[in-house]
Amino acid sequence: MKVLAVNAGSSSLKYQLIDYDTKRVLAKGLCERIGIDGHLVHKRGDVTFDANVAMPTHKEAMEAVFAALTDVDHGVIKSLSEVDAAGHRVAHGGDFKTSVLVTPETMARLESLIELAPLHNGPEINCIKSCIELMGADVPQVAVFDTSFHQTMPAEAFLYALPYEYYEKYAVRRYGFHGTSHRYVAARAAELMGKPLSELKLVTCHLGNGSSITAVDGGVSVDTSMGFTPGAGLPMGTRCGDIDPFILGFLQDKLGLSHAEVDEVLNKKSGMLGISGVSSDFRDVEAEADRGNTRAQEALDVFCYHVSKLIGSYAAAMGGIDGIVFTAGVGENDARVRLAACKRLGFLGAHVAEAVNAGVHGEEKVISTADSTVKVLVIPTNEEIMIASDTVALANGESLA
C-alpha cells in the first residue's frame, strides 16, 4: 500500500511517499517559501531534484509535489492512481482523541479549529482539500493531529486557573503539541529498553526550534509543556515559552505596542534569539558562547535549566521515571544540550556517559552509563511513519480507539 504523508507548516510542506508494506520511503521532499516565491527539493534515493517553483499557496505546492512524484526522470509513480491514501499532520485537533478519516462532517469541524492555530491549521486544511481535488474524492484522506496524543491528560494537568466558563464556552485549556513525535519515540524507547510500553514511565524531550516535553506514563500522555498554543513551555528558537502573563500588559503600556506587535515579540523575537541577540539556531548560539559571548551562554543555560526542571517535575507527576528520550533537531544532534540538561538529574538516577553522548548525532543510542537506573536515549523521530500507520489503519476500516 502506497501512502503519501504530508506535513505542512505555515510556509513549508514536507512529504514522503511510503510503501507501507515494506516501510520503504520511495521519495521525499520539501516545499519552502510558500506564499513568497516557492522552492522544491525532491529526493528519490540518491537522486535529488532541486528547482524554484511558483507556490503562491499550498495548493500549488501540492501540485508541485505530485508533478515531482510522477515525473519521468525523477518520479517514482506513473500516475496519482498508484497512491492508495494520504495522511496529513494537522497541528490543532481540538478534542479529537485520535486520527480521523476526512469526511464533509470532519472537515467542518477542522475548519472550526482554524482560530486555535491559524498559522498552521489553515494551510494544512488547504493541503487536504487540494489532495481531494487532485487525487479524487474516493481516495482516503486522514487527519493526524499533533494534539490527540495529549487528550489523555487528566483535568489537573490540562485545566488553567481561569474562570471555568472560559473552558466550557471557549475550550481554553492545555492541549499540547508534537504528539505524533512523542508517541513515536515513546514506543521506540520501549522497544530499545526491551520492556512493554505499558510498564514504563518516560519523559520524552522533543527539542528543536520548537520544543516540548511530555510525561508518558504507561504509554499515555499525562502532562506536556506546550499549552493552549505551541508558544507555552520551554523557551524556544524565537518563542518565549512560559512567562508571567502580566508582562504582556506591561509591554503594551510601556512601549505602546498593539496586541499584534506583542504577539510578534513573543513568537518571533524571543527565546534563544531574544536572550542571545545572536540567532534562533542553537549551533550559532553555541558558536558565539564558545567565543566568550555571555548572552549566548546565558541563552543556553536558560534553555537547559528549563529542560532539567520539566524532566524533574514530570518524574514527580508520574511518581517515578524509567527513561528520558531526546529527539528532534536539537535533541538528536546536540550533545552539549543533552549533557547540560541531564547534569542536574543525578538525584533521579540519570547519568550520561559523556564520551558516548559526545559521539551521537542523529542516531538511535543509549547514552546513559551502565550504572544509571534511568535510561537516557537518543531516538530520531519519525512522524511520517506514524502518519502513514494511522492512515493505513483507517483506510482499511480499523479503529484507532
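1. In this predicted model, the side chains of Lys129 and Glu111 meet in a salt bridge, with a distance of 2.5 Å from N to O. Lys129 belongs to helix 3 (residues 118-135) and Glu111 to helix 2 (residues 104-112), so the pair ties together parts that are 18 residues apart in sequence.

2. Salt bridges that share partners join Arg89, Glu124 and Asp146 into one network. Within it, Arg89 forms a salt bridge with Asp146, and the closest N and O atoms of the two are 3.0 Å apart. This pair links distant parts of the chain, 57 residues apart, with Arg89 in strand 6 (residues 85-90) and Asp146 in the loop between strand 8 (141-145) and helix 4 (155-158). Because buried means under 20% relative accessible area, Arg89 counts as buried at 14% relative accessibility, and Asp146 counts as buried at 2%.

3. The bridges described above are among the 14 salt bridges that the structure holds. As for charge across the protein chain, the mean positions of its 35 positive and 51 negative charges are 3 Å apart.

4. Turning to the overall fold, the secondary structure of the protein chain comes to 15 helices and 14 strands. The radius of gyration of the protein chain is 21 Å, close to the 21 Å that the globule rule gives for 401 residues, so the chain is as compact as a globular protein of that length. Taken along the principal axes, the C-alpha atoms fill a box of roughly 55 × 55 × 45 Å.

5. Of the contacts in the protein chain with a separation of 6 or more, 60% are accounted for by residues 24 or more positions apart. The protein chain exposes about 17,900 Å², and carbon and sulfur atoms supply 52% of that area.

Note on methods:
Residues are numbered from 1 along each chain as its sequence is written. This is a predicted model: local features need pLDDT of at least 70, side-chain atom pairs count only at pLDDT 80 or more; totals for chains, interfaces and linings use all residues. Side-chain values use heavy atoms; hydrogens and water are left out. Helices (H or I, at least four residues) and strands (E, at least two) are DSSP runs, numbered from the N terminus. The radius of gyration is taken over C-alpha atoms; the globule rule is 2.2 Å times the number of residues to the power 0.38. Contact means heavy atoms within 4.5 Å. Accessible areas come from the Shrake-Rupley method with a 1.4 Å probe; for residues, only the protein chains shown count as cover. Lys and Arg count as positive and Asp and Glu as negative; His and the chain ends are not counted. The place of a charge is taken as NZ of Lys, CZ of Arg, CG of Asp or CD of Glu. A salt bridge is a side-chain nitrogen of Lys or Arg within 4 Å of a carboxyl oxygen of Asp or Glu. Buried means under 20% relative accessible area, exposed over 50%, partly exposed in between (1.4 Å probe, protein chains only).
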